[in-house]
Amino acid sequence: MKSRIAAFGMIAAVLTAGAIAPAAAQTVDDVNWINKCIADNKDEGPARSVIVSYCTCMNNQMSNSETKSITAWEKTHKKEADECSKKAGWK
């Protein structure tokens, strides 16, 4: 039983580290833009995880010098928005 608990703990630690690692690559500015995008889309219907994935994808598509919000940028970049929607599973 102890070995099962230890194995479960190790698996949980690896999964947690994997979930945190991609977020660590984001700057504070990126996180602020992504959070604004999430807030802008919170009433659109999909699960929060889908919106987070979509907003993160869109942020990653944008140049670091972009000054528009993700919500404003997506209106002029349909191809990228469609790709991120598909990747995020937004239906």
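Is Asp40 buried, partly exposed or exposed, and what is its relative accessibility? Asp40 has a relative accessibility of 30% and counts as partly exposed; the label buried applies under 20% relative accessible area, exposed over 50%, and partly exposed in between (1.4 Å probe, protein chains only).

## Basis of the report

The structure is a predicted model, in which local features need pLDDT of at least 70 and side-chain atom pairs count only at pLDDT 80 or more, while totals for chains, interfaces and linings use all residues. Residues are numbered from 1 along each chain as its sequence is written, and side-chain values use heavy atoms, with hydrogens and water left out.

Helices (H or I, at least four residues) and strands (E, at least two) are DSSP runs, numbered from the N terminus.

## The nonpolar core

A nonpolar core is a set of buried Ala, Val, Leu, Ile, Met, Phe, Trp, Tyr and Cys residues joined through side-chain atoms within 4.5 Å. The largest one here has 15 residues, and Tyr54, Cys55, Met58 and Ile70 are those with the most contacts inside it. Helix H2 (28-41), H3, helix H4 (70-74) and H5 each give two or more residues to this core. H3 provides the largest share, six residues.

Met58 belongs to helix H3, which spans residues 48-61. Its relative accessible area is 0%, so Met58 is buried. Apart from neighbours within four places in sequence, Met58 is in contact (heavy atoms within 4.5 Å) with Ile70, Trp73, Glu74, Glu80, Ala81 and Cys84.

## The aromatic pair

The structure holds one aromatic pair. Rings of Phe, Tyr and Trp (its six-membered ring) pair if their centres lie within 6.5 Å; planes under 30 degrees apart count as stacked, over 60 as edge-to-face and the rest as tilted. The ring centres of Tyr54 and Trp90 are 5.1 Å apart and the planes stand at 70°, so this pair is edge-to-face. Because Tyr54 lies in helix H3 and Trp90 in the segment after helix H5 (78-88), the pair ties together parts that are 36 residues apart in sequence.

The two residues can also be described by their accessibility. Tyr54 is buried at 4% relative accessibility, whereas Trp90 is partly exposed, with a relative accessible area of 21%.

## Salt bridges

Side chains of opposite charge can pair when their charged atoms come close. A salt bridge requires a side-chain nitrogen of Lys or Arg within 4 Å of a carboxyl oxygen of Asp or Glu, and by this rule there are three salt bridges. In one of them, Lys36 meets Asp40 with an N to O distance of 2.8 Å. Lys36 and Asp40 are four residues apart in helix H2, so about one helical turn separates them. Lys36 is partly exposed, at a relative accessible area of 41%.

Helix H5 contains the residues Lys78 and Asp82, four apart and separated by about one helical turn; their side chains form a salt bridge of 3.1 Å, N to O. Lys78 is exposed at 57% relative accessibility, while Asp82 is partly exposed at 40%. Lys79 and Glu83 also form a salt bridge, at 3.7 Å from N to O, and both lie in helix H5, four residues or about one turn apart. Lys79 is exposed, with a relative accessible area of 59%, and Glu83 is partly exposed, with 38%.
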